Amino acid sequence: MYIVHSTFPVKDHQAEEVISIYKNRSRAVDLAEGFVDFLLLQNEKNAGELTVQLTFQTKEHYLDWVRSEEFKKIHELEKKYPNQELASVTPKVRQYKVVAR
C-alpha cells in the first residue's frame with residue numbers, strides 16, 4: 001500500500017469551515033483505480049493543522065490519480081474558492097510506502 005499525507009495550516013477559527021468542505025467533497029478520488037481510503041485528520045494540539053490522508057494500493061495508482069483529468073479539475077476548483085486565504089494554502093506533502101502491517 002501507498003499513503004500520502006497533505007498537511008496544511010489554517011487559522012484555528014477556519015478549521016471547521018475546511019472540515020465542512022472535506023465532508024462535502026466530490027469523492028472523485030474514491031473512483032480512482034487502486035484507491036483504498038480517504039481520511040481528514042485534525043491535530044489534537046493544534047486545531048488549525050489538518051492532514052488529508054489518501055491510501056492507494058500502489059504508488060503507481062497514486063501517480064495515475066495525480067496525472068488524471070479529475071485531479072486537475074478538483075485542484076483548479078480549489079484555486080477559485082471564495083476565501084482566497086484558504087485557496088492559497090500550500091500543503092506539505094509526504095509520501096509513504098507501507099512496509100509492515
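**Conventions**

I worked from a predicted model in which local features need pLDDT of at least 70 and side-chain atom pairs count only at pLDDT 80 or more, while totals for chains, interfaces and linings use all residues. Residues are numbered from 1 along each chain as its sequence is written, and side-chain values use heavy atoms, with hydrogens and water left out.

**Entry 1: the sheet**

I looked up the strand order first. Four strands make an open sheet, ordered E2-E3-E1-E4, with antiparallel pairing. Strands (E, at least two residues) and helices (H or I, at least four) are DSSP runs numbered from the N terminus, and two strands pair if DSSP finds at least two bridges between them. E2 and strand E4 (92-97) are the edge strands, each pairing on one side only. From one strand to the next the twist averages 15°. For this and other angles, axes are lines fitted to C-alpha atoms, for helices over the stretch in contact, and angles run from 0 to 180 degrees between N-to-C directions.

I then went through the pairings. E2 and E3 pair in the antiparallel sense over seven bridges, and they form a hairpin with six residues between them. Within this pairing, glutamine 42 has leucine 50 of E3 as its bridge partner. E1 and E4 are likewise antiparallel, over six bridges. Tyrosine 2 stands opposite lysine 97 in E4.

**Entry 2: the helices on the sheet**

I examined how H1 sits. H1 packs on the sheet and touches E1, E2 and E3, and its direction makes about 165° with that of E2. Contact here means heavy atoms within 4.5 Å. I noted Ala15, Val18 and Ile19 as the buried residues of H1. They fall within an arc of 100° seen down the axis of H1, so they line one face of the helix. The arc is that of the directions from the helix axis to the C-beta atoms. Buried means under 20% relative accessible area, exposed over 50%, and partly exposed in between (1.4 Å probe, protein chains only).

H2 lies across E1, E3 and E4 and runs at about 115° to E3. In H2 I found His61, Tyr62 and Trp65 buried. Viewed down the axis of H2, its buried residues also fall within an arc of 100°, so they line one face of the helix.

**Entry 3: the core**

Of its 20 residues, Val10, Phe35, Leu54, Phe56 and Trp65 touch the most other members. At least two residues each come from E1, helix H1 (15-23), strand E2 (35-42), strand E3 (49-56) and helix H2 (59-66). E3 gives the most, with four residues.

Rings of Phe, Tyr and Trp (its six-membered ring) pair if their centres lie within 6.5 Å; planes under 30 degrees apart count as stacked, over 60 as edge-to-face and the rest as tilted. Tryptophan 65 and phenylalanine 71 form an edge-to-face pair, 5.7 Å centre to centre with 90° between the planes. Both tryptophan 65 and phenylalanine 71 are buried. Ring pairs also link Tyr2, Phe35, Phe56 and Tyr62 into a cluster.

**Entry 4: single residues**

I checked serine 6 in strand E1 (residues 2-9). It counts as buried because its relative accessible area is 19%. Apart from neighbours within four places in sequence, serine 6 contacts Leu50, Thr51, Val52, Pro91, Lys92 and Val93.

Threonine 55, in strand E3, is buried at a relative accessible area of 7%. With neighbours within four places in sequence set aside, its contacts are Met1, Tyr2, Ile3, Gly34, Phe35, Val36 and Asp37.

Arginine 27 is in the loop between H1 and E2. Its phi is near 65°, a positive value in a residue other than glycine. Arginine 27 is partly exposed, with a relative accessible area of 41%.

Lysine 59, placed in helix H2, counts as partly exposed at 40% relative accessibility. I noted that lysine 59 and proline 9 are 50 residues apart in sequence and 26 Å apart in space, C-alpha to C-alpha.

Definitions and conventions:
Core = buried A, V, L, I, M, F, W, Y, C linked by side-chain atoms within 4.5 Å.
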